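Biologist: Hello! Could you walk me through this structure, one question at a time?

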Amino acid sequence: MANELEDQVAGQEKKLVLGRFDETDAWDIGQRLVDRARALDAPVVIDIRTPSRTLFHAALPGSAPDNDMWARRKSNVVFHFHRSSYAIELEHRRKGRTIGPEIGLNLTDYADHGGSFPVRIKHVGVVAAITVSGLASKDDHGLIVDVLTDFLKEG
């Protein structure tokens with residue numbers, strides 16, 4: 001049975017759905033994430049990509065190459081499950097399992113840690129992933145949710 005935090009994350013996924021998404025939107029969201037991360041002095045990598053190409057990428061001071069690898073692995077979780085990597089982390093924690101061969105996924109390519117969020121277009125589905133890597137799982141996730149919430153309010 002899901003817990004309150006899982007329900008909250010599921011609600012965010014249901015609510016934060018876009019009417020459209022293109023390269024201009026990726027740039028706008030990416031810049032907003034950079035601005036928010038800088039205001040917090042957060043040492044993060046920000047990555048927005050489709051399954052086949054990168055639309056936005058920024059590595060802020062204090063981040064490391066390892067954050068790029070984490071971003072790729074977390075976004076692969078979004079593309080595989082069509083859910084946020086934080087939702088998958090919480091579900092796996094509750095069920096006592098992790099990413100690995102027992103569910104057919106390789107740890108070098110997937111990470112069930114928060115910080116990647118699906119870009120879902122109404123009546124279309126998941127087309128991209130927005131990823132932040134460098135903070136705690138819930139904080140990476142929260143940064144994206146805050147920016148997407150503001151983006152949708154202003155759009």
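**A guided tour**

Modeller: Let us start with D41, which counts as exposed at 70% relative accessibility (buried is under 20% relative accessible area, exposed over 50%, partly exposed in between, with a 1.4 Å probe and protein chains only). This is a predicted model, where local features need pLDDT of at least 70 and side-chain atom pairs count only at pLDDT 80 or more, while totals for chains, interfaces and linings use all residues. Residues are numbered from 1 along each chain as its sequence is written, and side-chain values use heavy atoms, leaving out hydrogens and water.

Biologist: Thanks! What is the phi of D41, roughly?

Modeller: D41 sits in the loop between α2 and β2 (45-49); helices (H or I, at least four residues) and strands (E, at least two) are DSSP runs, numbered from the N terminus. D41 is not a glycine, yet its phi is positive, at about 55°.

Biologist: And is H123 buried or exposed?

Modeller: H123 is found in the loop between β4 (116-121) and β5. H123 also has a positive phi, of about 70°, without being a glycine. Its relative accessible area is 79%, so H123 is exposed.

Biologist: Which side chain makes a polar contact of 3.0 Å with that of R20?

Modeller: R20 is in the loop between β1 (17-18) and α2 (23-39). A polar contact is a pair of N or O atoms within 3.5 Å; within protein, one must be able to donate a hydrogen and the other to accept it, and residues adjacent in sequence count only if both atoms are side-chain atoms. The R20 side chain has a polar contact of 2.5 Å with the side chain of D22. The partner at 3.0 Å is D25.

Biologist: At roughly what angle do the axes of α1 and α5 cross?

Modeller: Axes are lines fitted to C-alpha atoms, for helices over the stretch in contact, and angles run from 0 to 180 degrees between N-to-C directions. The axes of α1 (residues 4-15) and α5 (residues 137-154) come within 11 Å, and they cross at roughly 35°.
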